[in-house]
Amino acid sequence: MLRKLDVKALDFIVEQMIETVDKSKDEIFRIGEQCRQEHDSLIAELKEIKEQVKHVIVEGDELEIKARLARKRLSEVSKNFRAFSETEVREVYENAHELQTRHTINAQFEKQLRLRRDDLERRLLGLQETIDRAETLVSQITIISNYLVSDIKDIGEVLEDAKMKQDFGLRIIEAQEEERKRISREIHDGPAQLLANVLIRSDLAEKVHKEFGPEQSLLEIRSLKEMIRAALYEVRRIIYDLRPMVLDDLGLIPTLKRYLATIEEYNKVVKIKFVHIGEDKRLPSKYEVALFRLIQESVQNALKHSKASEIVVKFERRRDSINVVVKDNGVGFNPDEKKSGSFGLIGMKERIVILEGVLSIDSSPLTGTAITMQIPLLD
């Protein structure tokens, strides 16, 4: 005989699923916005590249004319070698050689610019496709959310079996996580692979080094390094924001160390310290994902709003609980003051409730902020 379910309790579960669906919509919307920002940036860069191509073509045409005249002059001097002094012959030869060298380098530079232009156009097509897909997903999830709100509020009267209720919820959660992983792989395999094209420009740096010396080539190399560093940071940030792949492979503590080190590296003015107390033992997946998201949100809030110079993340594992403290020395705020758009703190509180934990915020203006999380480890 099946035990009759509490309809109110099941309605509460449905409300939680509706909130999860809405959060997924917000996350996909943020991904689309990030892609739009990158799309706009690439359009600006593409416009600049096209202008450079035009300029290089004009300069190349001029160099070709000058080189042709120089070769003609060199031919005339060679035919009447005795009519010119050694100095004049050398000057004519050196001028012809210099113009030919500049023309060759110009042609190589034009080739690199064209490759970069083509690469940017391909990336823009890929980003536009991702943006369109994100908009489609947001639209579809909105339909799902409306359906849940309008038609499944009273699902408790239909789902009498506890097993059916559990499977229903798990299917929605699994679909959400699979969608996150899929988008993560797409973005990871896109921008990261395109970084390989930067290597093409290293050939130009080598030619500049041979023709103009190390100082000019160093300028090109420094530019390449900055491009690579910025691109890699963007890729890492997107991947971590979606779902860090190392979390499944290495566990929570190594992932936190790598994530905080990466954040510190690219936020030069903020020092981030990580303190781990207790054994480094794998937790169930739901704890690892939730704890990573909670710490990630706390650190990002500190970076965005606190103006802190130091952030300390303390992770303590006890026999029956996890204690986490994220503390900064920033400007602080009034936790009792309700602000519109404070989505981050709301999401954190909801995750804590799901884990049956406690979240407390200790802060006041000019004194910094300390966020404390206590989560029981339930069997």
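This section describes the fold, the charged contacts and selected residues of a predicted protein model.

The protein contains ten helices and five strands. Of its 379 residues, 36% are buried. Contacts between residues at least 6 apart in sequence were examined for their sequence range, and 75% of them join residues at least 24 apart.

Salt bridges in the protein number twelve. Two of the pairs described here lie within helices. In helix 1, which spans residues 7-79, E64 and R68 are four residues apart and therefore separated by about one helical turn. Their side chains form a salt bridge in which the closest N and O atoms are 3.6 Å apart. Both partners fall in the intermediate accessibility class: E64 is partly exposed because its relative accessible area is 35%, and R68 is partly exposed at 44%.

The salt bridge between E129 and R133 has an N to O distance of 2.8 Å. E129 has a relative accessibility of 45% and so counts as partly exposed; R133, with a relative accessible area of 27%, is also partly exposed.

The salt bridge between R318 and E316 has an N to O distance of 3.2 Å. R318 counts as partly exposed, at 44% relative accessibility, whereas E316 is buried, because its relative accessible area of 18% is under the 20% limit. Strand 2 covers residues 310-317. Salt bridges also link E45, R116 and D119 in a network.

Charged residues also form a surface patch. E88, E91, E94 and E98 make up a negative patch. One of these residues, E98, is found in helix 2, which runs over residues 86-151. E98 has a relative accessibility of 44% and therefore counts as partly exposed.

Two non-glycine residues in loops have positive phi values. For K307, phi is about 60°. K307 lies in the loop that connects helix 9 (285-306) with strand 2 (310-317), and K307 is exposed, with 74% relative accessible area. For E356, phi is near 60°. This residue lies in the loop between helix 10 (343-354) and strand 4 (358-363). E356 is exposed as well, because its relative accessible area of 54% is over the 50% limit.

Y287 is found in helix 9 and has a relative accessible area of 3%, so it is classed as buried. With neighbours within four places in sequence left aside, the residues in contact with Y287 are L355, I375, P376, L377 and L378. The C-alpha atoms of Y287 and I322 are 9.7 Å apart in space, while the two residues are 35 positions apart in sequence.

Note on methods. Residues numbered from 1 in each chain as written. Predicted model: local features only at pLDDT ≥ 70, side-chain atom pairs only at ≥ 80, totals over all residues. Heavy atoms only, no water. Buried < 20%, exposed > 50% of the residue type's maximum accessible area, 1.4 Å probe, protein only. Contact = heavy atoms within 4.5 Å. Patch = residues over 30% accessible without salt bridge, like charges linked within 9 Å, V, L, I, M, F, W, Y side chains within 5 Å. Areas by Shrake-Rupley, 256 points an atom, 1.4 Å probe, with all protein chains shown as cover. Salt bridge = Lys/Arg side-chain N within 4 Å of Asp/Glu carboxyl O. Lys, Arg positive; Asp, Glu negative; His and termini not counted. Charge placed at Lys NZ, Arg CZ, Asp CG, Glu CD.
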